[in-house]
Amino acid sequence: MSLMSGLFVGASGLQTSQNSLHTTAHNLSNIETPGYVRQQTLHADVSYNNIKNSAVSKMQIGLGVEYDTVRQVRDDFLDKSYRKETGRSNFYEVCQETTTEIETLLGEFDGVAFQDSIADLWTSVQELQKDPLSAVTKGYFINTSTQFLERAQAVYNGLSAYQDNLNARVNEYVDRINELGDQIYSFNEAIHKEEIGVQEANDLRDRRNKALDELSGLAKISYSTNADGGIEVELEGVPFVVRDRVFHIDTIAEESTGFYTPVWPQNMNAEVFARNEVIATDYNTDIGQLKSVILGRGDRRANYTDMSYDTYMNGKYTYHDDITNTDVTQDLIPTSKSIVMKVQAELDQMVHSLMTEVNNILTGEKDAIDAYNASDPKDPSLLPKYKEDETLPKELFVRLGTSRYEKIDDGGTTYYRYVPENDKPSHTVIDLLYTVSNMKINPDLQKTPSLLGQAAGSEKDEPGFMTLQGEVDHAKADALAEAFMKPFSSLSPDLTIQYGYRDYYAAMVGQVATEGSVYSSIVSAQQIATHNLSDSRDAIMGVSSNEELTNMIKYQNAYNAASRYITACNDMLERLLSSLG
């Protein structure tokens, strides 16, 4: 090898060592930068010159070393595992947060007041049972009933307000997902332009990977690298970021509640999430904050009609459409999958049962209404009826949009008939329902408590709890007390334990606390798994100051060695030239 060739070999050593020092310094300067991935310099041999061929191998002369590439040190398997577990951890953290908020709502302030109101209502029933004719005991019962309804409505309204809070987060998360999609797409474009030459766009890749990390916490994603080095992303199995565009998610607001539903505009507004999807780790359907918030919020203001088995477990809800006069079955989020809707429905189940039981006993119509409700198909002839000139019984709990009785003109015969609840109502039309959000206390009874329990056909001002024969109606007062003592329902259709009114609310609070404890355990386990994956990932892609300082010494020594080699070649060349004179 000639001395001039030797100078070129030394220069290549200087150049590669200097570039390696720059990479090491870049690593050290970004040691605290979030999302930064350690970069590693790869060196390669410059092509060899063949001198001649020997019997064993070629005789070659090396031409030095070259700076091949700077790569990011990552593990794709760890990246995908970490992102999946991050999304799952975020899903259950939202579940835990939601149960904690509801537990706080049920256990403090309005919740405690409601629990106390149930106890006060039971006390007033006992006092009424002792002296049914007393205006004082009647007034006490009406007052405690007023408190019971007001506090039940306060709890229900608190749950609805929390639904609105979660609903606002749905819109925020959708906007953020779209922003991250735009960022990934723009990084793809920038990386492609920068890497058309020989330069590696590693810092841009770091920023793109950081966006992928955040996106994986919001929704379930999968991704791959295309031929241009760009990342293509699928979100919930649907293309989201592709080579030439981003398919944004849109939201549609439900008219009656304002609840946002994420949809894919490019797929004719198909919903991003299936409403009755099985949520399980085995199916990887428990991933992402957005899905968890939507499930926690639910898709409606739930009431007692959502406690039917098919709606509670499977999300199948059937209502009668008066316009088309047909039954319509909706696919909704099952009541059991939304903690807020479940508590709303369970609370309303108790309130509805208590209000209708009290009303039916006070009006003396319990047997007739029970017979009507048990008939299939419904037989209107079983409904309570009263002559036009009869005094109508007064219910205590009044529907806001509907009177208890309607006037019927049947071929010249006029009478009043009880207006039953709609047995197939929609969630937007609740006027006929005795539901907590559609109730008030009868203002006539608040004004004149003595009329409580007045029998049909009585004189207009005759006090209640009197039979038409002028005797004290102890049977009606005893029926009220019995209704409070006997079990009326289980918490949900999939449970068998029956509760009375006094124990039901405590069981409901306990159920929420149990779910919160389960979610807390899951979150703790997920955090451990996520932290372990994060540590493993950091061990590979994180910057170690000790390792980088070691590399710096190595490349500095290599630089010095190349420099000495060039100096030696230079001295030899200078001596040779001097000798030739």
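User: Let's start with R502. Which ring does R502 lie over, and how far from the ring centre?

Analyst: R502 lies over the face of W122, at 4.6 Å from the ring centre. Keep in mind that this is a predicted model.

User: Noted. What aromatic cluster does W122 belong to?

Analyst: One made up of W122, F484, F488, Y501 and Y504.

User: And how many aromatic pairs does the count come to?

Analyst: Ten aromatic pairs. One of them is stacked: F488 and Y501, with 4.4 Å centre to centre and 20° between the planes.

User: Where do F488 and Y501 lie, and what does the pair tie together?

Analyst: F488 is in the loop between α11 (474-485) and α12 (501-541), while Y501 is in helix α12, so the pair links parts that are 13 residues apart in sequence.

User: Is Y501 buried or exposed?

Analyst: Buried. The relative accessible area of Y501 is 3%, and the cut-off for buried is under 20%, so Y501 qualifies.

User: What about F91 and Y92, how are those rings arranged?

Analyst: Edge-to-face: F91 and Y92 have 5.1 Å centre to centre and 80° between the planes. F91 and Y92 are both buried.

User: Back to charges over rings. Where does the charged end of K80 sit?

Analyst: Over the ring of Y223, 5.5 Å from its centre.

User: How many bridges join β5 to β6?

Analyst: Five, and β5 and β6 (residues 231-235) run antiparallel. To give you one partner, S222 is bridged to E234 in β6.

User: Next sheet, then. What's the strand order with β8 in it?

Analyst: β8-β9-β10, an open sheet of three strands, and the pairing is antiparallel. β8 (250-253) and β10 (270-271) stand at the edges with a single partner strand each, so one side of each has no neighbour in the sheet.

User: How many bridges join β8 to β9, and how many join β9 to β10?

Analyst: Four bridges join β8 to β9, and two join β9 (residues 260-264) to β10.

User: What happens with G258 in the hairpin of β8 and β9?

Analyst: G258 takes a positive phi near 80°. That hairpin has six residues between the strands.

User: And which helix lies across β8 and β9?

Analyst: Helix α4 (residues 135-194), running at about 25° to β9.

User: Let me jump to the β11 and β12 hairpin. Which residue there takes a positive phi?

Analyst: N325, near 55°, in a hairpin with four residues between the strands. Six bridges join β11 (residues 316-321) to β12 (residues 326-331), which run antiparallel. Y317 is bridged to Q330 in β12.

User: Which β11 residues are on the covered face and which on the uncovered one?

Analyst: Y317, Y319 and D321 make up the covered face. K316, T318 and H320 are on the uncovered one.

User: Last one: D299. Where's the place of D299?

Analyst: In the loop between α6 (289-297) and α7 (309-314).

User: Buried or exposed?

Analyst: D299 counts as buried, at 12% relative accessibility.

User: What does the side chain of D299 make polar contacts with?

Analyst: The side chain of R275, at 2.9 Å, and the side chain of R300, at 2.5 Å.

User: And leaving aside neighbours within four places in sequence, what is D299 in contact with?

Analyst: F259, R275, L332, I333 and M341.

Terms used:
Residues numbered from 1 in each chain as written. Predicted model: local features only at pLDDT ≥ 70, side-chain atom pairs only at ≥ 80, totals over all residues. Heavy atoms only, no water. Phe/Tyr/Trp six-rings, centres within 6.5 Å; stacked < 30°, edge-to-face > 60°. Buried < 20%, exposed > 50% of the residue type's maximum accessible area, 1.4 Å probe, protein only. Lys NZ or Arg CZ within 6 Å of the ring centre and 35° of its normal. Pairing = 2+ DSSP bridges. Contact = heavy atoms within 4.5 Å. Axes fitted to C-alpha atoms, helices over the stretch in contact; angles between N-to-C directions. Polar contact = N/O pair within 3.5 Å; in protein donor to acceptor, adjacent residues only side chain to side chain.
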